[in-house]
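Visitor: Hi! I'm new to this one, could you show me around?
Guide: Happy to, let's bring it up.

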Amino acid sequence: MFARLGFPQPFLSLCLFLVWQLLNDGFSGGSVVMGAILAWMLPQLTRNFWPERPALLKGWLLPLYVLRVLWDIVVASISVARLVLSPRKPRPAFISYPLTLEHPLAITMLASTISLTPGTVSADVSDDQRILLIHALDAEDEQAIIETIRSRYEKPLQEIFL
Amino acid sequence: MQAFAEYLIAGLLLIGGAFTLIGAIGLARLPDFFARLHAPTKATTLGVGAIMLGSVAYFTVSEGQVHVAEILITVFLFLTAPVSANILAKAAMHIGVARTPETHGNPWDQ
């Protein structure tokens, strides 16, 4: 009985709490109480919709990963802007990226990261969740793009999720 | 308002406007549907981010208290932009949208 009253997903609860504080423009007595109630209630109400809860192995690495992605978004935007304005034609390519991640949430995060960063959009995941189809805007060397994604994004995600 | 804050806000708004404009130019200039997907997911994201920072700075300086609700706009944009790009790409592959001849590789057939 009491086992059902806790926080089934601490990470989701933390996110909900922080989002509520942001919506209220900073901390105040009322927003902390309401945020705590929401952070407890929403995961409770939706617990049956989550098939399995993701195992955060090294959750403290997540902020570092987010910072790296934010920085890459800035770099990506500048390089795409330069490509848009330059007269030369881009060389688009479809790339099949072999996934080593297994958890659906980790794959979603990798796919979202790929979509937000330099010249790549993730287009599809194969049915067995082994291959990620990527569209690259300007691919000179497809193998190099795969290597970059592998070392820069997939390795850190692999450490965070297991 | 201090002169420094004004320069900062004006600079952020200009950067945001420039990237949004470049995103729109990209939408018109890039060769095929899949390439055009790249412009709105990136250039525009940074554009909105810069305008959002400008808004945070403006309201924080002019009202003397910290305004952070705008950050949520960018957070939600970062969450939704990849999903919509993904769905658009999937739909385009499903109905077989034409690709430029320069494209390497093939999407698998669904």
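Guide: Here is a short chat about the chains, the pocket and the salt bridges of this predicted model.

Visitor: Thanks! How many residues of chain A are in contact with chain B?
Guide: On the chain A side there are 45, and they touch 38 residues of chain B.

Visitor: And what area do the two chains bury between them?
Guide: About 3400 Å², with 73% of it on carbon and sulfur atoms. In chain A, the residues that lose the most area to chain B are A:Asp25, A:Val84 and A:Phe94. Together those three account for 19% of what that side buries.

Visitor: What's the salt bridge count between chain A and chain B?
Guide: The count is one. B:Lys90 pairs with A:Asp124, and their closest N and O atoms are 3.3 Å apart.

Visitor: OK, and how many over all chains?
Guide: Three salt bridges turn up in the whole structure. One of them joins A:Asp72 to A:Arg152, with the closest N and O atoms 2.8 Å apart.

Visitor: Which parts does that pair tie together?
Guide: A:Asp72 sits in helix α3 of chain A and A:Arg152 in helix α5 (residues 142-160) of chain A, so the pair links parts that are 80 residues apart in sequence.

Visitor: New topic: how is chain A divided?
Guide: Into domain 1 (10-49) and domain 2 (59-160). Taken over C-alpha atoms, the centres of these two domains of chain A are 31 Å apart.

Visitor: What about pockets? How much space lies in the largest one?
Guide: The largest pocket holds about 1700 Å³ of space. Its lining has 41 residues, and nearest the centre are A:Phe11, A:Cys15, A:Val66, B:Val75 and B:Leu79.

Visitor: Which elements give two or more residues to that lining?
Guide: From chain A they are α1 (10-23), α3 (62-85) and α4 (104-116), and from chain B α3 (69-95). The largest share, ten residues, comes from α1(A). Domain 1 and domain 2 of chain A each supply at least three residues to the lining.

Visitor: Last one: how many of the lining residues are nonpolar, polar or charged?
Guide: By class, the lining of the largest pocket has 32 nonpolar residues, eight polar and one charged.

Definitions and conventions. Residues numbered from 1 in each chain as written. Chains lettered and ligands numbered in written order. Predicted model: local features only at pLDDT ≥ 70, side-chain atom pairs only at ≥ 80, totals over all residues. Heavy atoms only, no water. 1 Å grid on protein atoms, 1.4 Å probe; cavity = no way out; pocket = protein on both sides within 12 Å on 5 of 7 lines; lining within 4 Å. Points joined across faces, edges and corners; volume = space filled by probe spheres on them. Helix = DSSP H or I, 4+ residues; strand = E, 2+ residues; numbered from the N terminus. Nonpolar A, V, L, I, M, F, W, Y, C, P; charged D, E, K, R; others polar. Domains from an automatic or database assignment. Contact = heavy atoms within 4.5 Å. Buried area = accessible area lost by both parts, 1.4 Å probe. Salt bridge = Lys/Arg side-chain N within 4 Å of Asp/Glu carboxyl O.
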